[in-house]
Amino acid sequence: MYPNLYYVFKDWFGVDWKSLSFLNTFGLMVAAAFIASALVLASELKRKEAQGLLSPREETITIGEPASFSELFFNFFIGFLFAYKLVGLFLNKPDDMVPQEYIFSKEGNLWAGLLLGGILAGAKWWERNKQKLKEPEQRAIRIWPHDRVGDIVIIALIFGIIGAKLFDDLENWNDFIQHPIERLFSASGLTFYGGLILAAFAVCWYAYRKGITIIHLVDAAGPALMIAYAVGRIGCQVSGDGDWGIYNSAYVIDQNAKVVVAAPGDYERNLQKYSTYFLNGSVIDSGSSAPVFVTDRKDASLDKVPHAYFKAPAFIPTWMVAYNFPQNVNSDGIKIPGIIGDDHNRALPQPVFPTSFYETIICLLLFLFLWSIRKKLKVPGEMFGIYLILNGLERFLIEKMRVNNQYHFFGINPSQAEIISFCLIIAGILLILIMTKRAKRNAEILNS
């Protein structure tokens with residue numbers, strides 16, 4: 001696994017650059033997901049603008065004014081924060097502190113922060129001073145919806161992270177109540193649907209304020225959201241962030257923590273050998289001699305450990321159906337023999353189905369499908385309705401292979417993701433029916 005860029009460069013190029021450890025591969029893939037979605041969204045918005053479905057909006061701007069105090073302060077603050085933490089990671093981070101903890105600590109490099117903050121504030125002042133006029137002028141400019149993609153992406157990023165954290169804390173309410181500050185400021189623990197829902201509300205509100213027709217915006221966002229999810233799941237797979245499936249009992253691990261085919265009885269013996277792990281949860285303290293576990297599930301038993309038996313055909317690599325995520329970013333599992341003094345020296349004691357890999361493949365195919373039909377759909381809202389249905393179906397089915405906290409009511413035990421995905425499917429169907437009916441009614445009125 002590649003928890004961060006340090007492991008990538010060490011494996012690919014044989015270099016030992018510890019300074020790269022602050023760049024998590026999951027975060028880099030999330031950034032790539034936003035870039036991919038921005039490109040797709042901009043392309044679709046331009047297409048809809050050419051069709052006359054979206055129009056520009058005139059806004060008045062002032063030309064020739066000097067930089068305001070708020071602009072100078074904002075540029076200084078961004079530069080200060082960036083250099084304070086980034087340079088501090090290279091020069092000031094204690095060896096026993098992981099990069100994520102350092103980012104959320106008060107530690108940093110003060111002089112680097114002041115220097116870069118001053119440079120950015122000075123650059124802003126110089127740029128605006130060059131354009132300064134004796135008498136500032138007001139000019140009207142036309143801004144097209146595709147010109148606002150940058151703002152839309154930033155809004156989606158900010159509210160997406162907030163929503164993902166909030167929904168994750170709701171899903172793990174007992175842990176949140178016990179450790180509220182740690183969970184709120186932890187760099188781990190994100191729920192996709194929480195981010196999607198809150199970001200959607202924020203973006204739609206922004207679009208409403210800017211005069212963008214929301215139904216055409218969400219149609220353009222359908223393919224963009226699908227490709228973003230596919231790319232983001234690559235980060236889950238490569239870093240091993242814990243978003244994996246149930247155990248595959250057709251395989252076990254050997255004495256070197258390598259995945260091998262299980263002989264009769266091997267799986268049961270493996271459960272007994274690592275019973276503490278299976279009954280108590282994932283190791284979270286990889287540095288202590290006595291491992292600390294996430295939870296103590298009093299109702300747990302080895303008979304209830306979720307698993308399925310599937311042996312890969314000869315033409316399929318074993319890791320596609322059974323993977324133990326060695327050196328995963330969560331330091332989850334048992335220690336890997338031969339790896340000493342490493343922050344990420346653990347692997348799962350039993351191989352699991354790599355569901356994040358499955359979701360990447362499925363969502364890439366779904367994106368290609370949405371992209372192929374986008375020009376054939378004529379009813380506004382139909383594309384987004386199809387996206388909701390496909391997204392809900394994909395997540396609902398993949399949840400059957402994953403282990404999540406479950407809710408108990410009316411004799412059923414769904415996970416949070418299953419409940420939301422079911423609601424998305426229903427919402428997608430209703431949206432298509434309502435918008436199709438509205439389109440037919442409008443067509444009848446025009447023909448009458």
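**Figure 1. Helices α10 and α14 cross with left-handed geometry.** The view comes from a predicted model. The axes of α10 and α14 come within 7 Å of each other. They cross at roughly 25°. Angles under 35 degrees count as roughly parallel, so α10 runs roughly parallel to α14. From α10, the contact takes in Val218, Asp219, Gly222, Pro223, Leu225, Met226, Tyr229 and Arg233. From α14, the partners are Glu382, Met383, Phe384, Tyr387, Leu390, Asn391, Glu394 and Arg395. By residue class, this contact of α10 with α14 holds 9 nonpolar, 2 polar and 5 charged residues.

**Figure 2. Helix α2 packs against α10 in a right-handed crossing.** Helix α2 covers residues 25-50, and helix α10 covers residues 214-239. Their axes come within 8 Å and cross at roughly 160°. Angles over 145 degrees count as roughly antiparallel, which means that α2 is roughly antiparallel to α10. The residues of the contact of α2 with α10 divide into 19 nonpolar, 6 polar and 3 charged.

**Figure 3. Helices α13 and α14 form a right-handed pair.** The two axes lie 11 Å apart, at an angle of about 160°. Helices α13 and α14 are therefore roughly antiparallel to each other. On the α13 side, the contact uses Thr355, Tyr358, Glu359, Ile362, Cys363, Leu366, Phe369, Leu370 and Ile373. These meet Met383, Ile386, Tyr387, Leu390, Glu394, Arg395 and Ile398 in α14. The residues of the contact of α13 with α14 comprise 12 nonpolar, 1 polar and 3 charged.

**Figure 4. The largest nonpolar core contains 46 residues.** Those with the most contacts inside this core are Leu41, Leu45, Val149, Leu217, Met226, Leu370 and Tyr387. Two or more residues come from each of α2, α6 (149-171), α9 (192-209), α10, α13 (355-373), α14 (382-399) and α15 (416-447). Helix α10 gives the most, with 11 residues.

**Figure 5. Close-up of Leu41, one of the residues with the most contacts inside the largest nonpolar core.** Leaving aside residues up to four places away in sequence, Leu41 touches Val149, Ile152, Leu217, Ala220, Ala221 and Ala224. Val149 and Leu217 are also listed among the residues with the most contacts inside the core.

**Figure 6. Leu133 sits in the loop between α5 and β2.** Helix α5 spans 110-130, and strand β2 spans 137-143. Is Leu133 buried or partly exposed? Its relative accessibility is 32%, so Leu133 counts as partly exposed. Leu133 touches Ile63 and Gly64, with residues up to four places away in sequence not counted. The C-alpha atoms of Leu133 and Ile63 are separated by 7.7 Å. Along the chain, these two residues are 70 residues apart.

**Figure 7. The whole chain has 15 helices and 8 strands.** The chain holds 448 residues, and buried residues make up 42% of them. What share of the contacts with a separation of 6 or more comes from residues 24 or more positions apart? Such residues account for 71% of those contacts.

Methods: Residues numbered from 1 in each chain as written. Predicted model: local features only at pLDDT ≥ 70, side-chain atom pairs only at ≥ 80, totals over all residues. Heavy atoms only, no water. Axes fitted to C-alpha atoms, helices over the stretch in contact; angles between N-to-C directions. Helix = DSSP H or I, 4+ residues; strand = E, 2+ residues; numbered from the N terminus. Parallel < 35°, antiparallel > 145°, perpendicular 65-115°, else oblique. Left-handed = near helix turned anticlockwise from the far one by under 90°. Nonpolar A, V, L, I, M, F, W, Y, C, P; charged D, E, K, R; others polar. Core = buried A, V, L, I, M, F, W, Y, C linked by side-chain atoms within 4.5 Å. Buried < 20%, exposed > 50% of the residue type's maximum accessible area, 1.4 Å probe, protein only. Contact = heavy atoms within 4.5 Å.
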